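Subject: Structure to look at

Hi,

Here is the structure I promised you. Please open it first, then read my notes below.

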Amino acid sequence: MKALQLTEPRSFRILDVPEPAPPGPGEVLVRIRRVGICGTDYSGYLGKMPFFSYPRIPGHELGVEVEAVGAGVSRVRPGDRCAVEPYLNCQRCSACRRGHTNCCEHNQTLGVMCDGGLCDRMLLPERKLHPAPDLTWEQAALVETLAIGCHAVNRGAPQSTETVLVIGAGPIGLSVVEFAKLSGARTIVMDMNARRLEFVRGVMGVSDTILAGGDGAELKALSEATGGELAHVVVDATGSNRSMSLALQYCAFAGRLVYVGITQAELTLPHAPILHRRELTLMASRNALPGDFTRIISLIGAERINTRPWITHQAGFADVPARFADWLNPETGVIKAVVSLD
């Protein structure tokens, strides 16, 4: 069968790989229908993703169809449409035993630490499939992106009386915005790209935005917007160590800061004047939990999340090597590119 492999940074090739074996106990053979492209894939392409290794078949945002099931499988059957929870956890480590399957000590994320879904078919554990009968293939592939934002907002736990500042309006930041809004909290979005902020205002209905220019005016703008109180929850989705280091200054006293973006660079955090004085809570957010996927499928099905504006670019499987680099260009206006394997 055909697969798309990233052999090294900036180098794709289409190759033939063996067909998967028949599904064993607890396993499901799925046909890949749609693959969403996300920041992790772009970072892997550029050689900047710390958990990525080469050669690798990318793809972890998957809309799949069940083709065959192994012994003991009861939750899905052939023909079912599913979203995929791509974090292959060991089920044995301390984190897994305590229910934190998203940060398993031995986690293998599809398309990052092990081969992913830019191929015709693959075997998956039944427990990693989430039936989505009322969603389109594209919507099923979007569930994982939204789950990242859902988990990050759950970490920050905003209340309806509070203000959430989302820094970074890329796909992950936009997924955070979706769930910040659902929490009932006032949502403010900050980004350096005016076009992205136009999308946030015009499409996502968030009127409070701050254009970051790196001149310090952002803090003044946030202070004015909140009556000097600043943000009770700040979620940094940039992956920029500079932004992540500066993010503490936007936190209100007794506020919470959630890092959902990833950087390999060190952060510099002012302790006494900000972190200690304001008694801030600093958190990371990694992957998502099974309940996040179930919730998102229900929200999309109930049209409480509008996925139509998300998919701005589409491509066929064979077109990806030629088009992938263009999707990295902000001028193309990419929010989410989706690859079809039909």
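L230 sits in the loop between α6 (217-225) and β13 (231-236). Helices here are DSSP runs of H or I with at least four residues, strands are runs of E with at least two, and both are numbered from the N terminus. L230 is not a glycine, yet its phi is positive, about 70°. L230 is also buried, with a relative accessible area of 9%. Buried means under 20% relative accessible area, exposed means over 50%, and partly exposed is in between (1.4 Å probe, protein chains only).

A word on the source: this is a predicted model, where local features need pLDDT of at least 70 and side-chain atom pairs count only at pLDDT 80 or more, while totals for chains, interfaces and linings use all residues. Residues are numbered from 1 along each chain as its sequence is written, and side-chain values use heavy atoms, with hydrogens and water left out.

N287 lies between β15 (281-284) and α9 (290-301). N287 is not a glycine either, and has a positive phi of about 55°. N287 counts as buried, at 14% relative accessibility. P55 is in the loop between α1 (39-46) and β4 (61-69). The peptide bond from Y54 to P55 is cis, with omega near -5°.

Next, the whole chain. The secondary structure comes to 10 helices and 17 strands. Of the 342 residues, 53% count as buried. The C-alpha trace spans about 60 × 40 × 40 Å along its principal axes.

Last, a pocket. A pocket is an open set of points on a 1 Å grid over the protein atoms alone, where a 1.4 Å probe fits, with protein on both sides within 12 Å along at least five of seven lines; lining residues have an atom within 4 Å of a point. The second largest pocket holds about 150 Å³ of space. Volume here is the space filled by probe spheres set on the points, which are joined across faces, edges and corners. Which residues line the second largest pocket? They are D134, L135, Q139, I300, G301, E303, I305, N306, T307 and R308.

Best wishes
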